[in-house]
Amino acid sequence: MDLPGQGDSDKPLDGYDTGTVARRVHGLVARVGLTHYNLAAHDIGAWVGLPYALMYPNEVSRLALLDAGIPGVTLPDMLPNAPDQAWRTWHFAFHAIPDLPEALITGRERVYLDWFLRRKAANPLSFSDADIDEYVRIFSLPGALRAGLAFYRAASISAEQNRALVRDRKLSMPVLAVSADQGSIPDMVAPLRPFVDDLRGNTVSSSGHFIPEEQPVAVAQLFGEFFAG
């Protein structure tokens, strides 16, 4: 699903801390009548997926988390600034600054998105020009840029919420942690280990950060095996 503020979903004015987003997502899940289900989540989706599974452990049967540093849990407070690493994480601080990102990105959405999608992919051709067109359409909708930045601007609140959630409990369902050999998080398993009772890991080859788009067949096979277990 498109999270609140993403894709063609509504762009609420507030509530981008992951606890609030998780509750909004759960409202949709309850509305459609799901009571037991598997959950797969990538990047900011994983920011929401981990607290969601902790908040609703009797509903989430299995959880897959893909290439994400999760605030308060696995995302370091101090991000790397060495040139060979900073290109992966520089945007966390940039997106959190008030007003400046909007001033620099507005009217240049294609340049910005093209850099993110193709620079962070192992093969830039994983994203076609038509794909970029669709991302630009979505990112140019009223409120979309504000909403996209809001997840980062609420990251410190999300981190506090997550630290409280993992303080007294662990994820009890089986969890699959998926890395990419050229992704943002070289090892998704090690930082998650203190917070999960039943943790499995896998690294997808020839992939950058956007694992489902870059290696869909490999991801489908991983999910088929894990969620059918």
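In which helix is the place of valine 25? In this predicted model, valine 25 belongs to helix α1, which covers residues 18–31. Valine 25 has a relative accessible area of 9% and is therefore classed as buried, the cut-off for that class being under 20%. Leaving aside residues up to four places away in sequence, the contacts of valine 25 are Met1, Leu3, Pro4 and Tyr52. Arginine 193 lies 168 residues from valine 25 along the chain, and the C-alpha atoms of the two residues are 26 Å apart.

Aromatic side chains were examined next. A total of 16 aromatic pairs is present in the structure. Ring pairs join Trp90, Phe94, Tyr112, Trp115 and Phe116 in a cluster. An aromatic ring also takes part in an arrangement with a charged group: the charged end of arginine 62 is placed over the ring of phenylalanine 226, at 5.1 Å from the ring centre.

The second largest pocket has a volume of about 280 Å³. Its lining consists of 14 residues, and those nearest the pocket centre are Pro71, Leu75, Tyr152, Ala155 and Ser156. Two or more lining residues of this pocket are given by each of the elements α3 (83–96), α7 (144–153) and α8 (155–167). Helix α8 supplies four residues, the largest share of the lining. Sorted by class, the lining of the second largest pocket comprises nine nonpolar residues, two polar residues and three charged residues.

Note on methods
Residues numbered from 1 in each chain as written. Predicted model: local features only at pLDDT ≥ 70, side-chain atom pairs only at ≥ 80, totals over all residues. Heavy atoms only, no water. Phe/Tyr/Trp six-rings, centres within 6.5 Å; stacked < 30°, edge-to-face > 60°. Lys NZ or Arg CZ within 6 Å of the ring centre and 35° of its normal. 1 Å grid on protein atoms, 1.4 Å probe; cavity = no way out; pocket = protein on both sides within 12 Å on 5 of 7 lines; lining within 4 Å. Points joined across faces, edges and corners; volume = space filled by probe spheres on them. Nonpolar A, V, L, I, M, F, W, Y, C, P; charged D, E, K, R; others polar. Buried < 20%, exposed > 50% of the residue type's maximum accessible area, 1.4 Å probe, protein only. Contact = heavy atoms within 4.5 Å.
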